[in-house]
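Subject: Structure handover and notes

Hello,

Here is the structure that I said I would pass on. My notes on it follow below.

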Amino acid sequence: MAILKIARMGHPVLLGEAAPVPDPTTPDMRRLVRDMAETLADAGGVGLAAPQVHVPLRLFLWRDGPALNVLFNPELTPLDDAMELGWEGCLSIPGLRGQVPRFARLAWSGQDAQGNRVAGEAEGFAARVLQHENDHLNGIFYLMRMEDLSMLGFTEELARAAEAARGDAP
């Protein structure tokens with residue numbers, strides 16, 4: 001296993017449309033999933049898309065509590081028009097966070113690491129993570145989804161502002 005280099009905003013691999021994965025069960029795909037899992041754990045993130053590790057394929061991993069999930073060739077469908085605003089960060093844009101509108105509930109489908117067709121529903125934070133990672137497969141950053149750039153900031157500054165608002169600052 002290996003920790004892979006994470007592409008940062010500005011790298012062309014993050015701006016294109018990722019290609020479908022014909023067979024998720026190949027040794028190369030198994031190795032990629034293992035390496036992505038190790039990279040995600042090392043980075044302390046909750047999701048990682050293949051383009052973020054310089055591989056332009058339709059694959060992402062995400063954490064749901066302690067479970068690590070893998071989805072090849074994902075398809076996401078909102079279950080209704082309800083949207084939620086929430087804070088997001090990105091391993092490809094280190095140090096920044098912003099408030100992003102996302103669908104509150106969605107259905108997802110694709111293939112697991114064994115090539116089996118899988119499907120489910122997600123809401124709240126899990127739905128947000130799925131949409132964020134799926135966006136990477138289409139060359140979209142969370143910044144492109146933001147409606148109010150005044151709600152974008154460096155993580156440390158946002159934390160200081162939150163502390164000051166609570167009265168925790170010296």
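How many residues lie between β4 and β5 in their hairpin? There are two residues between these strands. Before the rest, two points on how to read these notes. This is a predicted model, in which local features need pLDDT of at least 70 and side-chain atom pairs count only at pLDDT 80 or more, while totals for chains, interfaces and linings use all residues. Residues are numbered from 1 along each chain as its sequence is written, and side-chain values use heavy atoms, with hydrogens and water left out.

The hairpin and its sheet

Helices (H or I, at least four residues) and strands (E, at least two) are DSSP runs, numbered from the N terminus. Two strands pair if DSSP finds at least two bridges between them. β4 and β5 run antiparallel and are joined by eight bridges. Leu85 has Pro101 in β5 as its bridge partner, and Gly89 has Arg97 in β5.

These two strands belong to an open sheet of three, in the order β4-β5-β8, with antiparallel pairing. β4 and β8 (152–154) stand at the edges with a single partner strand each, so one side of each has no neighbour in the sheet. Neighbouring strands here are turned by 20 degrees against each other on average, direction ignored. For angles, axes are lines fitted to C-alpha atoms (for helices, over the stretch in contact), and values run from 0 to 180 degrees between N-to-C directions.

α2 touches β4 and β5, and its direction makes about 60 degrees with that of β4. Helix α3 (residues 155–166) touches β4, β5 and β8, and its direction makes about 100 degrees with that of β8.

The five-stranded sheet

Another open sheet has five strands in the order β1-β2-β3-β6-β7, with antiparallel pairing. Its edge strands are β1 (47–49) and β7 (117–123), each of which pairs on one side only. The twist averages 40 degrees from one strand to the next. Within the sheet, β3 (residues 67–78) and β6 (residues 105–111) pair over five bridges in the antiparallel sense. Pro78 has Leu106 in β6 as its bridge partner.

Helix α1 (residues 27–43) lies across β1, β2 (59–64) and β3, at about 45 degrees to β2. α2 lies across β1, β2, β3, β6 and β7, running at about 125 degrees to β7.

Helix α2

Buried means under 20% relative accessible area, exposed over 50%, and partly exposed in between (1.4 Å probe, protein chains only). On that scale α2 is mostly covered, with 11 of its 13 residues buried. Among them are Arg128, Glu133 and Asp135, as well as Val129 and Leu130.

The largest pocket

A pocket is found on a 1 Å grid over the protein atoms alone: it is an open set of points where a 1.4 Å probe fits, with protein on both sides within 12 Å along at least five of seven lines, and lining residues have an atom within 4 Å of a point. Grid points are joined across faces, edges and corners, and a volume is the space filled by probe spheres set on the points. The largest pocket has a volume of about 330 Å³. It is lined by 21 residues, of which Val46, Glu88, Gly89, Cys90 and Arg97 are the closest to its centre. β4 (83–90), β5 (93–103) and α2 are the elements that give two or more residues to this lining.

Single residues

Two residues other than glycine have a positive phi. His54, in the loop between β1 and β2, has a phi near 70 degrees and is partly exposed, with a relative accessible area of 31%. Asn73, in strand β3, has a phi of about 50 degrees and is buried, with a relative accessible area of 15%.

Asp23 is in the segment before α1 and counts as partly exposed at 34% relative accessibility. Asp23 and Phe72 are 49 residues apart in sequence, and their C-alpha atoms are 9.1 Å apart in space.

Regards

How values were computed: Contact means heavy atoms within 4.5 Å.
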